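Work through the two exercises below with the sequence and the structure at hand. Each task is followed by its solution in steps.

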Amino acid sequence: MNNQKAIQVSGLTKYYGETLAVDHISFEVEKGEIFGFLGPNGAGKTTTIRTITGLSKPTSGEVSVLGLEVSSKILEIKKHIGVVPEISNLYDELSAFDNLLFMAQLFGVPRSQRRKRVEALLKMFGLFERKNSLFRTLSRGMKRSLTIASALVHEPQILFLDEPTAGLDVLAAHSLRNLIHNLREQGITIFLTTHYLEEADFLCDRVAILLRGKILKVGTPDSLKAVAEEESIIEFSFKKGDYQFVKDLSQRLPELKVVPVEETKIRIYGGIPSFVFQSVLEFSKEKGLEVLSVNSIKPTLEDAFIKITGLSPTVMRVEKEKRTNASG
Amino acid sequence: MRRDNLRAIFYIVLKDMRTYYLKPPAISWGIAFPVVWILAFYLRNPKSFEELLPGLVAMTILFSTTAAEAVVINFELRLGSLERLLLAPVSLPAVLLGKILGGALFGLLMTTVVTTGSAIILGAHPQVLYLILIVLPSLFTFAALGALLCVSVKEVFEAQTLLNLPRFVMIFLCGVVYPVSAMPKALQYIAYLMPLTYTVEGLRYSFTGGSIYSVLIDALVLVGFSLIFIYPAFGLLRRKFE
């Protein structure tokens, strides 16, 4: 098992009825790396995790984990993987300690080690003081941390994290990202899905960008950013703005990509900088809009994402947060 | 692998007892409903109550096991925590068996309380061996029936509503309050297609005496019913995770 890749996926396809969720995707994850799946809702990220972890059967294609075929050795594979679903679904009626203890019992952690491991995980995730609190009384960030801890109780070699920081406040998300980073230092391979581009940039060794069930690009965050570096990015801030303005500007500059970043901020991808600068200034003068600042931007993973998918990350984030809030 | 499954079944049952047995739907449908029925029949006519006892114990088994299934299965289906169990190195049939045993154990607690209480109050002396022979397969059969219906819906209230159809049909046709032998022939045929008839019959032998072979036949028929319920339940649950 030692020389095998952590995960190998070849030609994976998944239909739900008539709907194609994952379309012939292939990729490999090396042992010890953090591999990220980036994409909007419906891109196929969760379906891919479910298929790799044996919760869903693929329509076609091959998946192996630690050199073992998922189709025939899933029960053996489950002993070596931990899965954190998008929803923190531990038991409301059990305490933090009892939730982890139950997972340790379920995964067959030897009786002599169970309590020790549970306590170590509670300390590691800063939850030891709340060990007797019922799961339902914990904050959202604590629930998320405990859900991740519960996936580590059997010391897995690979950890799957589906949107680990979705719906968390900035501080909780930051501390969780540091914890995930530390897990990699302990030699755990991490496969995560996220819609936070800065999270993928901060955590991942390699990232796959997914759209409509297909992988568009796989690479290190730096190699993906290099894709965006091939063209200029200029950011304009206005005193006030609206989407009609973006639409009109897109029509005025059809060969360029105009993307709203915030309500009063836009980025323009491509073109000769002096031409872009002049055109936008003229346009804003016509419309009576006051330009507050103009910046030439060093490409981020977000810019690479925009270039590769043609989507606006803001739209993706708003859509996702709506879903997270709705689910609790 | 078998060891992994057995361990998982054991801990799933323990966890379900702690987390779900005191949930309101389990108390209202699994405890309050049979107790109220029993009291109603007792208060109406205490003298003929002993005659009704086998039927009322059977009804207790039916309601307590199925109500518990709705709670242990549908709370987890709704919250997505059933998936959590399936992420462990445990087979899907083992997870469902754990759930069925959780419901059966809840039924066993209720049945023990009702039977012991009634026996003390009425001074009844049921044959304990016969009781065990008929109650255990009955608990498993109705828990399996509950599991079959509960895995096909998501919410607890949907499950309880769906369960009420077979529950009430069986209460009226299977000899709980009205002897099957006194019903029209056509209804008798229908009654013998339902598992509760065999539970009531077996319990009657336990309370009033009868041959052990008759009890064994009833028990075997119930085992057959449990298999009829359990295989499609596995299939339905598997389909949820395809």
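**Exercise 1: a helix and its faces**

Just after helix α10(A), Gly288(A) takes a positive phi of about 75°. The model is predicted.

Task: Find which residues of α10(A) are buried, and state how they are arranged around the helix axis.

Solution:
1. Locate the helix: α10 of chain A covers residues 273-287, 15 residues in total. From first C-alpha to last it reaches 21 Å, close to the 21 Å expected at 1.5 Å a residue.
2. Pick out the residues under 20% relative accessible area. In α10(A), the buried ones are Val276(A), Ser279(A), Val280(A), Phe283(A) and Ser284(A).
3. Look down the axis of α10(A): the buried residues fall within an arc of 125°, so they line one face of the helix.
4. Recall the general rule: an α-helix has 3.6 residues a turn, so residues three or four places apart point the same way.
5. Turn to the face away from the buried side of α10(A), where Ser274(A), Gln278(A), Lys285(A) and Glu286(A) are exposed.

**Exercise 2: the interface of chain B and chain A**

Task: Describe the interface by its contacts, its buried area and its salt bridges.

Solution:
1. Count the contacts: 26 residues of chain B touch 28 residues of chain A.
2. Take the area: the two chains bury about 2600 Å² between them, with 59% of it on carbon and sulfur atoms. In chain B, Tyr11(B), Arg84(B) and Leu87(B) lose the most area to chain A, together 31% of what that side buries.
3. List the charged pairs: four salt bridges are found across the interface. Asp4(B) and Lys79(A) form a salt bridge through their side chains, at 3.3 Å from N to O.

Methods:
Residues numbered from 1 in each chain as written. Chains lettered and ligands numbered in written order. Predicted model: local features only at pLDDT ≥ 70, side-chain atom pairs only at ≥ 80, totals over all residues. Heavy atoms only, no water. Helix = DSSP H or I, 4+ residues; strand = E, 2+ residues; numbered from the N terminus. Expected span 1.5 Å × (residues − 1). Buried < 20%, exposed > 50% of the residue type's maximum accessible area, 1.4 Å probe, protein only. Arc of directions from axis to C-beta. Contact = heavy atoms within 4.5 Å. Buried area = accessible area lost by both parts, 1.4 Å probe.
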